[in-house]
Amino acid sequence: MEKKLYRSRMNKKICGVCGGIGEYFNIDPTLVRIGCVLFAACGAGILTYFICALVMPERPSDQIEGQ
């Protein structure tokens, strides 16, 4: 089955972008969030996050996360 990148429905704080990236790469979303905060401190992180939130589709409700 083809692996696809989605915003997370279950593991989200704002829009689910970091949770979705963590699920895609099978890493802890907290590490992705820390990286996002560090990237935001450099300048373009906040804009990048919201662009990803607009571009990344949300996981369909018929798909169970973790499978």
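Against which helices do the buried residues of H1 pack? The buried residues of H1 pack against H2 and H3, where contact means heavy atoms within 4.5 Å and buried means under 20% relative accessible area, with exposed over 50% and partly exposed in between (1.4 Å probe, protein chains only). Helices here are DSSP runs of H or I of at least four residues, strands are runs of E of at least two, and both are numbered from the N terminus.

A quick word on the ground rules. This is a predicted model, in which local features need pLDDT of at least 70 and side-chain atom pairs count only at pLDDT 80 or more, while totals for chains, interfaces and linings use all residues. Residues are numbered from 1 along each chain as its sequence is written, and side-chain values use heavy atoms, with hydrogens and water left out.

## H1 against H2

Let us begin with H1. In this helix, Val-17, Cys-18, Gly-19, Gly-20 and Gly-22 are buried. Helix H1 covers residues 17-25, and its axis lies 8 Å from that of H2 at an angle of about 125 degrees. Axes are lines fitted to C-alpha atoms, for helices over the stretch in contact, and angles run from 0 to 180 degrees between N-to-C directions. H1 and H2 are therefore oblique to each other; angles under 35 degrees count as roughly parallel, over 145 as roughly antiparallel, 65 to 115 as roughly perpendicular and the rest as oblique. The crossing of these two helices is right-handed, a term for a near helix turned clockwise from the far one by less than a right angle, with anticlockwise giving left-handed.

On the H1 side, the contact is made by Cys-18, Gly-19, Ile-21 and Gly-22, and on the H2 side by Pro-29, Val-32, Arg-33 and Cys-36. Sorted by class, this contact has five nonpolar, two polar and one charged residues. Here Ala, Val, Leu, Ile, Met, Phe, Trp, Tyr, Cys and Pro count as nonpolar, Asp, Glu, Lys and Arg as charged, and the others, Gly among them, as polar.

Val-32 sits in helix H2 and is buried, with a relative accessible area of 15%. Beyond its neighbours within four places in sequence, Val-32 is in contact with Cys-18, Ile-21, Gly-22 and Ile-27.

Asn-26 lies in the loop between H1 and H2. What is the phi of Asn-26? Its value is near 55 degrees, which is positive in a residue other than glycine. For context, most residues other than glycine have a negative phi. At 70% relative accessibility, Asn-26 counts as exposed.

## H2 against H3

Now for the next pair. Helix H2 (residues 29-41) and helix H3 (residues 45-55) have axes that come within 7 Å and cross at roughly 130 degrees. That makes H2 oblique to H3. H2 contributes Cys-36, Phe-39 and Ala-40 to the contact, and H3 contributes Gly-45, Ile-46, Thr-48 and Tyr-49. These residues divide into five nonpolar, two polar and no charged.

Cys-36 has its place in helix H2. With neighbours within four places in sequence set aside, Cys-36 is in contact with Cys-18 and Tyr-49.

## Cysteines

How many disulfides does the structure hold? The number is zero, with a disulfide taken as a pair of cysteine sulfur atoms within 2.5 Å. For Cys-15, the nearest cysteine sulfur is that of Cys-18, 9.7 Å away. Cys-15 is buried, at 18% relative accessible area. The sulfur of Cys-18 is 4.2 Å from the closest cysteine sulfur, in Cys-36, which is too far for a bond. Cys-18 is also buried, at 7% relative accessibility.

## After H3

Not counting residues up to four places away in sequence, Met-56 touches Leu-5, Tyr-6, Arg-7 and Val-17. Arg-59 lies in the segment after H3 too, and counts as buried at 13% relative accessibility.

The table gathers some C-alpha to C-alpha separations.

| Pair | Apart in sequence | Apart in space |
|---|---|---|
| Cys-36 and Leu-5 | 31 residues | 17 Å |
| Met-56 and Ile-46 | ten residues | 15 Å |
| Arg-59 and Arg-9 | 50 residues | 6.5 Å |
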